[in-house]
Every structure is written in C-alpha cells, then in structure tokens.
Amino acid sequence: NENIDFLIVHHGLFWIPPTPLIGPNYEKVKNCIEKNIAVYGAHLPLDCHPEIGNNAILASKLELTQIGTFLSYEGRDIGLITECKISRKELTNRLLNLFHGGINEMEFGPSQPSKIAILTGSGQSAFDELKSIGADTFITGELKQHHFNLAQERDLNVYTCGHYATETFGVKALGEEVAAKFDLPFKFIDTACPL
C-alpha cells in the first residue's frame, strides 16, 4: 500500500539458528519477492553507531555527553556510557517527554546520578557490567523481573523504556541519510509495538 521498494529494518528477517521458510516466514519472503522489495537489516551496527546509532541518538535527545562505550560483543562495544549533570528527577522528566508510551522507573540509586549506561533494546546482557564501568544509572528497552531486585541490591537507577521504542531512532536516522544521499522519499512506518 505504501509503494515501498526498499525497506530498512532493525532486526531483519532471520535470527540464528537458520529459520525454515515455512508459514509466516515464507509469506514475508514471498511478499518481498513478488513486490520487488529489497530488505536491509542493520541490527547491532545500528545500535552502536557513534552518530546515527540508537544509543547515540538517545543520549543526544536526553542531552547527555558521551564519555565511553562498554559491553563488548564480537570485538565491538555495543553500549554507551554518558556523564550526567542533571538530577534524577530531570532525567525522569526527559525520558517521559521522549517516550510517550511510558517508562518503568526503578529509582534505587543516587538522586544526582553521575554516570549513565545506555543500551537500547534488551539490556539483560549489560546488567552485570554496570558496576565495573561505574554506572549508577541504566537506561534500556527491557529487562527481566529479577533485574528489579538487582537494581535494589546494587543501588541503581534503572529505566526501561520499551524494546521497540528505544530502537526506532537509528532506523529513522539511517532512512533519512539514505533518502538525502540518493534523493529518495522516506517514510517511517510505526508498528505501534507496545513492548
């Protein structure tokens, strides 16, 4: 319906292990072939890109200064470390203004945070590194239930803002870059995913 012939996505069509082309997987691929739609997926590179990555854009929108990276995966850091010069209350307000679908606040750390770790999408793999990088606050998309207890035990401020919501920034930025470079129209199609 949108006359799209080039689709930029974050997660892509397939995960490991290889997915058989049956059922919904078959239908997705068939639809792309029949309508001559190219699909470009950029997962982790788009999370950690220093300018148009999800983490970098989120830090910029929150007006936080990048001071480093963390959480090595296949030889590249995928998380972002920022310094914080605002109060926890101000940080919470900025997050609420940015994520209109709401956030979950677990405020067990300092009321004046000093170092914030950001990992968009799923933050489970980063949680155990927060102490070693000196972060007192963590912003991510989603966690599991036991992270609530860990936030209390480790005196952390933790904000979950939605896996989908935290991973739309990079796709939009990449789409805008491609559209500008090749003089193409661009439209972001929101799936309104609440997770």
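In this predicted model, the chain has a radius of gyration of 18 Å, which agrees with the value near 16 Å that a compact globule of 195 residues would have. Along its principal axes, the C-alpha trace spans about 55 × 35 × 35 Å. The chain contains 7 helices and 8 strands, and 41% of its 195 residues count as buried. Of the contacts between residues at least 6 apart in sequence, 58% join residues at least 24 apart.

Helix α7 covers residues 169–182. Its 14 residues reach 20 Å from the first C-alpha to the last, close to the 20 Å expected at 1.5 Å a residue. The buried residues of α7 are F169, G170, V171, A173, L174, G175, V178 and A179. The elements covering these buried residues include the strands β1 (6–9) and β2 (38–41), together with the helices α2 (44–48), α3, α4 (88–98) and α6 (163–166). After α7 comes D183, which has a positive phi, near 50°.

The axis of α3 (residues 54–61) comes within 8 Å of that of α7, and the two cross at roughly 100°. Because angles of 65 to 115 degrees count as roughly perpendicular, α3 is roughly perpendicular to α7. On the α3 side, the contact is made by N54, I57, L58 and K61; on the α7 side, F169, G170, V171 and A173 take part. By class, the residues of this contact divide into 5 nonpolar, 2 polar and 1 charged. The α7 residues F169, G170, V171 and A173 are also among the buried residues of that helix.

Technical notes. Residues are numbered from 1 along each chain as its sequence is written. This is a predicted model: local features need pLDDT of at least 70, side-chain atom pairs count only at pLDDT 80 or more; totals for chains, interfaces and linings use all residues. Side-chain values use heavy atoms; hydrogens and water are left out. Axes are lines fitted to C-alpha atoms, for helices over the stretch in contact, and angles run from 0 to 180 degrees between N-to-C directions. Helices (H or I, at least four residues) and strands (E, at least two) are DSSP runs, numbered from the N terminus. Angles under 35 degrees count as roughly parallel, over 145 as roughly antiparallel, 65 to 115 as roughly perpendicular and the rest as oblique. Contact means heavy atoms within 4.5 Å. Ala, Val, Leu, Ile, Met, Phe, Trp, Tyr, Cys and Pro count as nonpolar, Asp, Glu, Lys and Arg as charged, and the others, Gly among them, as polar. The expected span of a helix is 1.5 Å times one less than its number of residues. Buried means under 20% relative accessible area, exposed over 50%, partly exposed in between (1.4 Å probe, protein chains only). The radius of gyration is taken over C-alpha atoms; the globule rule is 2.2 Å times the number of residues to the power 0.38.
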